[in-house]
Amino acid sequence: MNDGDVVVIGGTAGLGLGVARHYAEAGRRVVVTGRDPERSAKTAAELGDRVLGLGFDLAEPESIAAALAGVGRVDRLVLAGMLRDQNLVRDYDIAGALELVTQKLVGYTEVVHTLADRLHDDSSILIFGGLAKERPYPGSATVTTVNHGVDGLVRAMSFELKPIRVNALHPGIIGDSPFWSGKTEALEAVKARAATGRWGTMADIVDAAVFLLENRSVAGTELRVDGGWSLPW
């Protein structure tokens, strides 16, 4: 029986919060993190008395070890913290690009490095990417590159950390997320293109995340959950 924590980096909002809520409602001990310590503490309180909230910025990787010092044995580690970025190559924002690359590649890796001695053979790690890696948009150069880098992290960590399982989840357009609220025309275009004839939901992504975290035969996988929206037609 699992007796360690479920740690959700970026667990105060969006998909990370959805995963954290799933495990909290299942009675697991959960740690949620975000950049704002007060927001993390508030989120933890709302999720239940077995949830701890911690604050640190993935883009400041030197701060991560101290912030996670009180975390014990880890059964499940979810790396879901993200920045939205629109950074055109012809009008390149170096500072924004460096923040995103540091957060999602160096920061994610430093979290795993910090918690490595608290993981065990039956632990699993899930890294969130995104489908800008398959379908770039204007200004997505850094996002597209970093999300390909997530797949690289999965391969490298799967090799170095085995038998700990490491997987990536690349969500498509999530129609019921706050980001897409009111963007009816764009969502209808997504639905028309998708093989399923519908856009994805938060529940779809949480279901996929839990599958990747819990299925003991899934390792080194990069899973797209987009209803076929990214297929080349």
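Tyrosine 92 sits in the loop between strand 4 (74–79) and helix 4 (94–115), where helices (H or I, at least four residues) and strands (E, at least two) are DSSP runs numbered from the N terminus. This is a predicted model, in which local features need pLDDT of at least 70, side-chain atom pairs count only at pLDDT 80 or more, and totals for chains, interfaces and linings use all residues. Residues are numbered from 1 along each chain as its sequence is written, and side-chain values use heavy atoms, with hydrogens and water left out.

- Tyrosine 92 counts as partly exposed because its relative accessibility is 47%; buried means under 20% relative accessible area, exposed over 50%, and partly exposed in between (1.4 Å probe, protein chains only).
- Together with Ile94 and Leu98, Tyr92 forms a nonpolar surface patch of about 340 Å² accessible area.
- Alanine 97 lies in helix 4 and is buried, at 4% relative accessibility.
- Setting aside neighbours within four places in sequence, alanine 97 is in contact with Asn87, Tyr92 and Thr142, contact being heavy atoms within 4.5 Å.

**Serine 40**

- Serine 40, in helix 2 (residues 37–47), is buried, with a relative accessible area of 0%.
- Not counting residues up to four places away in sequence, serine 40 touches Thr12, Val32, Thr33, Gly34, Gly53, Leu54 and Gly55.

**Helix packing**

- Helix 1 (residues 14–25) packs against helix 7 (residues 202–214) at an angle of about 60 degrees, and their axes are 9 Å apart; axes are lines fitted to C-alpha atoms, for helices over the stretch in contact, with angles from 0 to 180 degrees between N-to-C directions.
- Residues of helix 1 that meet helix 7 include Gly14, Gly18 and His22, and those on the helix 7 side include Ile205, Ala209 and Leu213.

**Salt bridges**

- The count comes to 12 salt bridges, each a side-chain nitrogen of Lys or Arg within 4 Å of a carboxyl oxygen of Asp or Glu.
- Arginine 216 bridges to aspartate 122, with the closest N and O atoms 3.2 Å apart.
- This pair links distant parts of the chain, 94 residues apart: arginine 216 is in the loop between helix 7 and strand 7 (222–225), and aspartate 122 in the loop between helix 4 and strand 5 (124–128).
- Arginine 216 is exposed at 64% relative accessibility, whereas aspartate 122 is partly exposed at 25%.
- Arginine 155 and glutamate 222 form another salt bridge, at 3.3 Å between the closest N and O atoms.
- Because arginine 155 lies in helix 5 (residues 141–161) and glutamate 222 in strand 7, the pair ties together parts 67 residues apart in sequence.
- Asp3, Arg28, Arg73 and Asp75 are joined in a salt-bridge network.

Technical notes
Patches are made of residues with over 30% relative accessible area and no salt bridge: like charges are joined within 9 Å, nonpolar side chains (Val, Leu, Ile, Met, Phe, Trp, Tyr) within 5 Å. Accessible areas come from the Shrake-Rupley method with a 1.4 Å probe; for residues, only the protein chains shown count as cover.
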